[in-house]
Amino acid sequence: MEKTQIQELIRTAMEQLTYSYAPYSHFQVGAALLAKNGTIYKGCNIENAAYTPSNCAERTAFFKAVSEGVKDFAGICVVGGMNGILTDLTPPCGVCRQVMMEFCDPETFEIVLATDTEHYQVFCLKELLPMGFGPGNLTE
Ligand code: THU
């Protein structure tokens with residue numbers, strides 16, 4: 001992704017912090033998922049009093065896209081922090097990496113972790129999920 005595209009994703013992910021529902025952890029996360037068709041799907045984390053039904057920001061964005069028939073993705077930006085204050089990068093949890101593995105090319109799908117529009121790092125999925133198990137492993 002080009003820098004201007006990355007910065008747009010970072011801004012969009014940061015806007016999602018407003019909608020984060022995190023009354024238990026107080027750790028707010030925002031995500032912006034760029035589809036190859038140019039659409040950006042937005043997500044926030046959504047917690048639950050029973051804890052386990054909680055959903056990460058990344059999966060919120062993926063499930064919104066897939067539920068609308070979009071399954072080709074270029075990259076995602078994730079931002080997060082306690083009470084929405086972005087002091088450190090927020091790497092995707094293992095479950096979210098596995099969801100990415102279902103729909104994204106590990107070599108080319110880009111994951112942007114940011115604290116602001118000038119401070120970010122870009123990884124490909126394979127770097128964050130080496131030797132991942134995906135749809136290709138189930139072909140005969
Ligand atoms: N969380 C995310 O939304 N994405 C991640 O990749 C890491 C964790 C959320 C889940 C939970 O609501 C809160 O952050 C604390 O774990």
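Helices (H or I, at least four residues) and strands (E, at least two) are DSSP runs, numbered from the N terminus. The model is predicted, so local features need pLDDT of at least 70 and side-chain atom pairs pLDDT 80 or more, whereas totals for chains, interfaces and linings use all residues. Residues are numbered from 1 along each chain as its sequence is written, and side-chain values use heavy atoms, without hydrogens and water.

I noted that the largest pocket holds about 170 Å³ of space. Of its 14 lining residues, F27, V29, N45, C56 and A57 are the closest to its centre. A pocket here is an open set of points on a 1 Å grid over the protein atoms alone, where a 1.4 Å probe fits, with protein on both sides within 12 Å along at least five of seven lines; lining residues have an atom within 4 Å of a point.

I then checked the ligand and found that the space it takes is the largest pocket (more than half of its atoms lie within 2 Å of the grid points). β1 (27-35) and α2 (57-66) are the elements that give two or more residues to the shell around the ligand.

I recorded the polar contacts (pairs of N or O atoms within 3.5 Å). A ligand oxygen is 2.5 Å from a side-chain N or O atom of E47. For the side chain of N45 the distance from a ligand oxygen to an N or O atom is 2.9 Å. A polar backbone atom of A57 is 2.9 Å from an oxygen of the ligand.

Technical notes:
Polar contact = N/O pair within 3.5 Å; in protein donor to acceptor, adjacent residues only side chain to side chain. Points joined across faces, edges and corners; volume = space filled by probe spheres on them.
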